[in-house]
Amino acid sequence: MTSTNDNPLREGVRLERTADPCTVIIFGASGDLTKRKLVPALYRLTQEGLLPAEFAILGFARSKMSHDEFRARMKDAIATYSEAKSVDETVWESFAKGIYYLAGDINNPESYKEMSALLDQIDGERGTAGNRVFYLSTSPTFYSEAVAQLGAAGLARPEGKGWTRIIIEKPFGHSLESARELNVDVAKVFNEDQVYRIDHYLGKETVQNLMVFRFANGIFEPIWNRRYIDHVQITNAESIGVEDRGGYYDTSGVLRDMIQNHVFQVLSHVVMEPPMEFSAGEVRDEKIKAMRAVRPIPRDRVNEFVVRGQYGPGSVGGKSAAGYREEKDVKPESATETYAALKLYFDNWRWAGVPFYLRSAKRMPKRVTEIAIHFKQAPHMLFSETTAQQIEPNVLVVRIQPDEGITMRIGAKVPGQVTRIRWVNMDFRYGASFGVASPEAYERLLLDCILGDATLYARRDMTERGWEIVMPILEAWQEAKPDFPNYEAGSWGPKAADDLLEREGRRWRRP
Amino acid sequence: MNTMSEQPRQSPDINVGMIERELTSLWKAAGEEDEQGGIIRACLMNLLVYVPDDQLAGEVDEIITEVTAEHPSRALLIIADPEAEPFIEAHVSSRCTIPSGMSKQVCCEQVTISAGGSLIGEAPSVVTALLLSDLPVCLWWHAAPRLGDKTFERLVAASDRVIIDSADFTNPHEDMAALAAVLGDDSTRAAFSDLNWARLTPWRSLVAGFYDVAEYRPLLDRLERVLIEYAPPPEDRDAISSRSALLAGWLTSRLGWKLESAARKDGSSVFELRAGERKVSVELVPTSDPAIKPRLIARVTLESAAETAASFKVARSADGSRIETHVAIGEERHIQRVLGYDDRSESALIGRELEILGRDRVYEQAVISAGEMLNAISS
């Protein structure tokens, strides 16, 4: 890897390091992600001066297209999906000179020979120094083949030609077995430090802030354990249904689509020990160490720990919503879950006996992702019985989306002659305190990869651990036919999920 | 972002206790007036603002609204009128905005202190008493810094960060040298920010970016000529604009060059410097392009002596909307790039400065080097 640390003009507080020269090769370049997220993000990074002039994009897909046709498509994409919603012609012309396209077949070695020759040509024309990021944004069924072909074509570890990295989009496998197989296939060709498994939740500002919140504020760490915390709730709710992803979603479900990756990543930030330093290796070591402590859910006791649900017809945000089984490309008798709630325990010193309740679902009353830390009651009640009845435990809520921020609920005396307690929120909102907009998750993640920083990417062991935890659940569900639908679109989920907490004297927070 | 309300409260005397009580009642009233109870009072810092005359106050007021929308603060605005009879008075107000993506109003408070004649000198003691504890204090001195002036010195002493604008320097050469003396003084506690320096950041970033590329990095150690073309200040066409002086000072201090001589030649200023065994010339040349606005930099060219000649250029388009970089390595490689260039508003620049809490040593060293170069050319 080349280093820019010895550039004396980079010293100082304002000049962020620009990335090394490189070419980003996008597999699946005619797809939705390329136009909605990837190219707009790379355009913006360029405009912010965070990418060098010696930068290029090579789109790779099956569709026949010339360089200019691909450029025109990307120009439309930037005009449609970028924040600015417009493109300056002169600036675009300069950016477009670095955009190339290659029509090819992922399974055909000849396509990779052409790719190799074109990359060499780009190095000569654009000064990209042989540095490459391959971005797999195709259907996951092609991942292993693409990786193997890159290896066979000598593109994975080219000697004396700069660095090579590969970004792999989710889903990373469909089961533990398939995730392991994919990891083995990737490892045959790439070293682990070349592999960047993307989880766009990790690019979100609030998820990153969770670590700052925990480890830059000395007051929280001493109470961040079983002594003071009663339980933790993580809610990841979407108000939308499956939209036009019914075909994919019906083979997946919320446990695979959201919980084993995104929700577990968020959870790992809550439960991890402080890392020795803020580096990719240390942070990811601590996260996996914590997740290894998750107590396995026995297959024959899944119903004690997990609730699944599927939405029926209902109403969301004042509009009637169809049931899941009526959605496009969904089987009429589908047993795919659109709601899942889990209770997890961690068998380690810090979290012994503290339940973690996780839920993720579609067609909830609103879109919200939050972590709620429920503290234990005060150990001794000073106040009269009537007053004491008004006392509830403190709750610390970290909202990840929308309206990102942190709220602490505390009890306060209502002014007056008698002691009455009211619950008030101490509120920190990103929008109120920092007027600046957070960068798009994809911008941050793409730049990190080009800079060689894998902290916000999932490591091999973490992807497999996520599957290890959920596999007994998926296997148990496979064996029993669910009674679906069991919650109305626009409600907070099935009654069984409420029972999961209520039988332990707790209840879900209404976000 | 919308300014939703402003509720002035007149206070007859300067009485710090009374001002605090006015602020308390202001918030109580704001809470009662808001039917939804949807007001968030936010405060991340104390923002002191000094303006030297009443005419600037309106313009500054708008900037404070924009700045506090991004950096909720207790704003303490001092409007000084040296020509007036001695007087001092204060009033309090709130300003509320709805940040994008939020339904609630975010409200900040402001105390405006107007002072005239000899009582201007009392204003620092009022604002010092009104500072919110434990929050950083940032002074925006919206005037040419009057080094040696008691009001300036007292406000600087109360501040963690001082924002000035060296573009406001009435005598660029003398004022830059004086600023260099202040920054070089070990007893200066506050960190200084300069909006003129902030405007240079995109230029510095692009120049530095050339040498982030490993292949080009060795050429930085072989630089032999730097050419900075600028539009001179209209009030003194012979003066070097402070922005171009800062750019030259930055390169000189970062690269450890030692000044050997300075000379004027056909309206240009030519500095001969030494980098170890190597000689480097830095030329500051008034641009011939009339479209470039006064004080702005038109183009920077860095030339290196190597087996194949290499030059790196950053240039502003005539209309100022774009910036172009150009790398030429021998005859074979020419890489050109055009980026959008948006001159940031004053409020955006101030907002960016407020995000930086520590001292900017690179800036301080650039000022000291620029001061040395300007001293040499003036003497």
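What follows is a walk through a predicted model with chains A and B. Because the model is predicted, local features need pLDDT of at least 70 and side-chain atom pairs count only at pLDDT 80 or more, while totals for chains, interfaces and linings use all residues. Residues are numbered from 1 along each chain as its sequence is written, chains are lettered from A in the order in which they are written, and side-chain values use heavy atoms, with hydrogens and water left out.

Chain B has 10 helices and 18 strands, where helices (H or I, at least four residues) and strands (E, at least two) are DSSP runs, numbered from the N terminus. Its C-alpha atoms fill a box of roughly 75 × 45 × 35 Å along the principal axes. Of its 379 residues, 55% count as buried; buried here means under 20% relative accessible area, with exposed set at over 50% and partly exposed in between (1.4 Å probe, protein chains only). Chain B exposes about 15,900 Å², and carbon and sulfur atoms supply 47% of that; accessible areas come from the Shrake-Rupley method with a 1.4 Å probe, and for residues only the protein chains shown count as cover. Among the contacts in chain B with a separation of 6 or more, 71% come from residues 24 or more positions apart, a contact being heavy atoms within 4.5 Å.

Next comes the place where the two chains meet. The size of an interface is often given as the accessible area lost when the parts come together. Between chain A and chain B the buried area is about 3,500 Å², which is the accessible area (1.4 Å probe) that two parts lose on being put together, summed over both. Carbon and sulfur atoms give 55% of that buried area. The contact draws 38 residues from chain A and 45 residues from chain B. Four salt bridges are counted between the two chains, each being a side-chain nitrogen of Lys or Arg within 4 Å of a carboxyl oxygen of Asp or Glu. Arg10(A) also forms a salt bridge with Asp212(B), with the closest N and O atoms 2.7 Å apart.

Over all chains, the salt bridge count comes to 53. In chain A, Arg214(A) pairs with Glu221(A) at 3.2 Å, N to O, and both of these residues are buried. Arg459(A) and Asp461(A) pair up too, at 3.1 Å, N to O. Here Arg459(A) is buried because its relative accessible area is 15%, whereas Asp461(A), at 22%, counts as partly exposed. Over in chain B, Glu364(B) and Arg359(B) meet at 2.9 Å, N to O. Glu364(B) is buried at 5% relative accessibility, while Arg359(B) is partly exposed at 23%. Shared partners also link salt bridges into one network that joins Arg180(A), Arg460(A), Glu464(A), Arg465(A) and Glu468(A).

Now for helix 16 of chain A, which covers residues 495-502. Its buried residues are Ala497(A), Leu500(A) and Leu501(A).

Val195(A) belongs to strand 6 (residues 195-197) and counts as buried at 1% relative accessibility. Leaving aside neighbours within four places in sequence, Val195(A) touches Ile166(A), Ile168(A), Val186(A) and Phe190(A). Thr138(A) lies in the loop between strand 4 (132-136) and helix 5 (143-152) and is buried, at 16%. With neighbours within four places again left out, Thr138(A) is in contact with Phe27(A), Gly28(A), Ile106(A) and Tyr143(A).

Glu333(A), in the loop between strand 11 (319-321) and strand 12, is exposed, with a relative accessible area of 60%. Met381(A) is found in the loop between strand 14 (368-375) and helix 12 (385-389) and is partly exposed at 31%. Together with Leu382(A) and Phe383(A), Met381(A) makes a nonpolar surface patch of about 300 Å². Patches are made of residues with over 30% relative accessible area and no salt bridge, with like charges joined within 9 Å and nonpolar side chains (Val, Leu, Ile, Met, Phe, Trp, Tyr) within 5 Å.
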